[in-house]
Amino acid sequence: MAFGGTEAFPELGRHCQRPDCRQLDFLPFKCHACLKVFCLEHRVQESHNCPKAGHDSRKVVVCDVCSTSIETTGRAGQDEKEILTQHARSGKCDPKLKKKPTCGVRRCKEILTFSNCSTCKTCQMKVCLKHRFPADHACQGVKAKPAAATAVGNASRVNDKFLMALAQRNCKDCGMSGSAAARVSPPSTSRSTKAH
C-alpha cells in the first residue's frame, strides 16, 4: 500500500509511522524532532519514543519566591532544585517582583490582569475598568467638568446644528413651492375649538 490514503484516494490522509499503530489519520501531526508523521495518540515525543526528543526543546523552571522563569536548557546534569537554589543565592531573587500590579487610583486595590486593565489615552495611567474614564481617576490631562454641564452643552450643540440645517433648507424638498410656503401660516398655539 502507498505511504498514505486509501485505494480510491491515495493522497488523502497519512498513516501513523509508529510501527505498531499504522492508523490512517486525515489530520496527521508531524514531529519537529524526527520529522515523521503520527496520529493524534502518538503526536507527543514521549508517546512515539522519539530518538531526538528534547533536541530543540527549551525547558524553564519558575521560581516560587519571585516568579522569575529560569531556562534549564544547556544545563545537563543539573536538577531543578539545584538550579533554583543557585538562583536564590545569586541575589537576583527578589520577593518584591512577585507583587502583582494594582489599579493606580488611590485606595483602589483591584489587581490588574489582561482582561480588566485599561490605559488612559491622556495620562497613560493603568487603571481597572471601574476607573477607565478620565473623570473617574482624576486624570491630569483633562480638566474635570461636571457631568450635567457637559450633557447640557452637548444637547445645545445638537439643537444648534439642527436649527442651522433647517434654516439652510429654506423649505426646499418640503413639497411646497416658495410662494405656497409663504401663504401657509404657522399653526396657532391657542386651543380654541369651533363647534360646527
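**Notes on the predicted model**

1. L35 is placed in the loop between strand 3 and strand 4 (37–38), where strands are DSSP runs (E) of at least two residues, numbered from the N terminus. Although L35 is not a glycine, it has a positive phi of about 60°. Its relative accessible area of 56% makes L35 exposed, since buried means under 20%, exposed over 50% and partly exposed in between, with a 1.4 Å probe and protein chains only.

2. This is a predicted model, in which local features need pLDDT of at least 70 and side-chain atom pairs count only at pLDDT 80 or more, whereas totals for chains, interfaces and linings use all residues. Residues are numbered from 1 along each chain as its sequence is written, and side-chain values use heavy atoms, with hydrogens and water left out.

3. N49, also not a glycine, has a positive phi of about 50°. N49 belongs to the loop between strand 4 and strand 5 (60–62), and it is exposed because its relative accessible area is 59%.

4. H15 sits in strand 1 (residues 14–15) and is buried, with a relative accessible area of 12%. A polar atom of the H15 side chain lies 3.0 Å from the backbone oxygen of R22.

5. F26, in the loop between strand 2 (24–25) and strand 3 (29–30), counts as partly exposed because its relative accessibility is 49%. Together with F9, L12 and L27, F26 makes a nonpolar surface patch of about 470 Å².

Methods:
Patches are made of residues with over 30% relative accessible area and no salt bridge: like charges are joined within 9 Å, nonpolar side chains (Val, Leu, Ile, Met, Phe, Trp, Tyr) within 5 Å. Accessible areas come from the Shrake-Rupley method with a 1.4 Å probe; for residues, only the protein chains shown count as cover. A salt bridge is a side-chain nitrogen of Lys or Arg within 4 Å of a carboxyl oxygen of Asp or Glu. Helices (H or I, at least four residues) and strands (E, at least two) are DSSP runs, numbered from the N terminus. A polar contact is a pair of N or O atoms within 3.5 Å; within protein, one must be able to donate a hydrogen and the other to accept it, and residues adjacent in sequence count only if both atoms are side-chain atoms.
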